[in-house]
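Subject: Handing over the structure

Hi,

Here is the structure I said I would pass on. Have a look at it first, and then read on for what turned up.

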Amino acid sequence: SLGACLQTAGKHEEAAAAFRAAIACRPDYAEAHSNLGVALQEMGSLDEAIAVHARAVSLAPGNAALHCNRGVALQFMGRHQAARESYDRALQLQPDDANAHWNSSLLRLLCGLEVPDTGRVLSQGQDLHATGSQRARWVGMMFQNPDDQIIFPTVLEELALGLRPQG
């Protein structure tokens, strides 16, 4: 779609406009709502992105990818319990969804919801399970595949967005 091409080109505002135009033509087009949510995330409009992702999920509650996308937005906002619920729902719908498994496992380890079977989870030499409430000061999130980054084209910008709420 035009919106996807614009988004890939880093033209997030234009992509959002294209997704909004698609939604105006087909208000029930869940994937367009989800894509708009991703574009809004890329523009830093996280509250609106979460609302748009929620609308996408309400339109197609059986679509695992939409739940996973919503989970990512919630995770970026620091709403970890809600993100976990979104990932869990995606896995209920599609148990072999690798993205949902990856995001859910990462979230659980980083947030201290699970302890690794072996080894430790370290960030800047700090054991994240020993830092307790200070964990958020040490944790940023990046995708394994740079093509799957959600928000910005560079690693620095991507990490900065996740850490911005921490000051």
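Before anything else, a word on contacts: two residues are in contact when they have heavy atoms within 4.5 Å. With that in hand, take the contacts in the protein between residues at least 6 apart in sequence: 41% of them join residues at least 24 apart.

Now the housekeeping. This is a predicted model, where local features need pLDDT of at least 70 and side-chain atom pairs count only at pLDDT 80 or more, while totals for chains, interfaces and linings use all residues. Residues are numbered from 1 along each chain as its sequence is written, and side-chain values use heavy atoms, with hydrogens and water left out.

The overall picture

The protein has eight helices and two strands. Helices here are DSSP runs of H or I with at least four residues, strands are runs of E with at least two, and both are numbered from the N terminus. Reading from the N terminus, the order of elements is α-α-α-α-α-α-α-β-β-α. Of the 167 residues in the protein, 41% are buried. (Buried means under 20% relative accessible area, exposed means over 50%, and partly exposed is in between, using a 1.4 Å probe and protein chains only.)

Helix α3 and its two partners

Let's start with α3. This helix has 13 residues and reaches 19 Å from its first C-alpha to its last, close to the 18 Å expected at 1.5 Å a residue. (The expected span is 1.5 Å times one less than the number of residues.) Is α3 mostly covered or mostly open? Mostly covered: eleven of its 13 residues are buried. Among them are A30, A32, H33, L36 and V38. Just after α3, G44 takes a positive phi of about 85°.

Two packed helices are described by the angle between their axes and the distance between the axes. The axes are lines fitted to C-alpha atoms, for helices over the stretch in contact, and the angles run from 0 to 180 degrees between N-to-C directions.

On one side of the sequence, helix α2 (residues 12-25) and helix α3 (residues 30-42) have axes that come within 9 Å and cross at roughly 160°. The two are therefore roughly antiparallel to each other. From α2, the contact uses H12, A16, F19, R20, A22 and I23, and from α3 it uses A32, H33, N35, L36, A39, L40 and E42. These residues divide into eight nonpolar, three polar and two charged. (Ala, Val, Leu, Ile, Met, Phe, Trp, Tyr, Cys and Pro count as nonpolar, Asp, Glu, Lys and Arg as charged, and the others, Gly among them, as polar.)

Then there is helix α4 (residues 46-59), whose axis comes within 8 Å of that of α3, with a crossing of roughly 165°. That makes α3 roughly antiparallel to α4. The crossing of α3 past α4 is left-handed. Here A30, H33, S34, L36, G37, V38, L40 and Q41 in α3 meet L46, E48, A49, V52, H53, R55, A56 and L59 in α4. Sorted by type, the residues of this contact are nine nonpolar, five polar and two charged.

Helices α5 and α6

Helix α6 (residues 80-93) has 14 residues and spans 20 Å between its first and last C-alpha, close to the 20 Å expected. Its buried residues are A82, A83, S86, Y87, A90 and L91. The axes of α5 and α6 come within 8 Å and cross at roughly 165°. That makes α5 roughly antiparallel to α6. α5 passes α6 in a left-handed crossing.

Two residues to look up

A64 sits in helix α5 (residues 64-76). At 3% relative accessibility, A64 counts as buried. Leaving aside neighbours within four places in sequence, A64 is in contact with A90, L93, Q94 and D97.

D88 lies in helix α6 and is partly exposed, with a relative accessible area of 27%. Not counting residues up to four places away in sequence, D88 touches S104 and R108. The C-alpha atoms of D88 and A64 are separated by 9.6 Å, and the two residues are 24 apart along the chain.

Cheers

How values were computed: Angles under 35 degrees count as roughly parallel, over 145 as roughly antiparallel, 65 to 115 as roughly perpendicular and the rest as oblique. The expected span of a helix is 1.5 Å times one less than its number of residues. A crossing is left-handed if the near helix is turned anticlockwise from the far one by less than a right angle, and right-handed if clockwise.
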